[in-house]
Amino acid sequence: MPKRITTTEQSKTGRNLKFHDNFKNKDMADKQFIEAIKKGKYPRYTVKKVHGRETAVSKPDKSTNNNLD
C-alpha cells in the first residue's frame with residue numbers, strides 16, 4: 001500500500017512545509033494540512049506544538065506507512 005501523505009518540501013531546519021496526498025493527488029501547504037487534520041480528514045495524523053508552532057505529525061503506532069518523510 002502506498003503512503004497516504006508524502007512531504008514534498010522542507011525548510012533548511014527540517015520543518016515540513018508542503019505535503020502531497022497520494023490518494024487524492026492533492027498538494028497542500030503546512031497550514032492546509034494542519035486544518036484538514038483538525039477537521040478529521042486525516043485520522044492517522046495529529047497536530048502538536050513544536051517550538052510554539054503548530055506542526056503536523058503522524059500518530060505514534062507500529063506502522064511506518066504513515067510516517068512523514
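**View 1. The whole chain and its surface.** Accessible areas come from the Shrake-Rupley method with a 1.4 Å probe. For the chain in this predicted model, the accessible surface comes to about 4,900 Å². Carbon and sulfur atoms account for 51% of that surface. Turning to the inside, 28% of the 69 residues count as buried.

View 2. Let's walk along the sequence: the pattern reads β-β-β-α-β-β. That gives one helix and five strands in the chain. How many of the contacts between residues at least 6 apart in sequence join residues at least 24 apart? The share is 22%.

**View 3. A positive patch made of lysines.** Look here for Lys24, Lys26, Lys39 and Lys41, which form a positive surface patch. One of them, Lys41, sits in the loop that runs between helix 1 (30–38) and strand 4 (45–50).

**View 4. Asn25 in its loop.** Between strand 2 (16–21) and strand 3 (26–29) there is a loop, and Asn25 lies in it. Asn25 is not a glycine, yet its phi is positive, at about 55 degrees. Is Asn25 buried or exposed? Asn25 counts as exposed because its relative accessibility is 62%, and the cut-off for exposed is over 50%.

**View 5. His51 in another loop.** Find His51 in the loop between strand 4 and strand 5 (53–58). Although His51 is not a glycine, this residue has a positive phi of about 55 degrees. His51 has a relative accessible area of 82%, so this residue is exposed.

Notes: Residues numbered from 1 in each chain as written. Predicted model: local features only at pLDDT ≥ 70, side-chain atom pairs only at ≥ 80, totals over all residues. Heavy atoms only, no water. Helix = DSSP H or I, 4+ residues; strand = E, 2+ residues; numbered from the N terminus. Buried < 20%, exposed > 50% of the residue type's maximum accessible area, 1.4 Å probe, protein only. Contact = heavy atoms within 4.5 Å. Patch = residues over 30% accessible without salt bridge, like charges linked within 9 Å, V, L, I, M, F, W, Y side chains within 5 Å. Salt bridge = Lys/Arg side-chain N within 4 Å of Asp/Glu carboxyl O. Lys, Arg positive; Asp, Glu negative; His and termini not counted. Charge placed at Lys NZ, Arg CZ, Asp CG, Glu CD.
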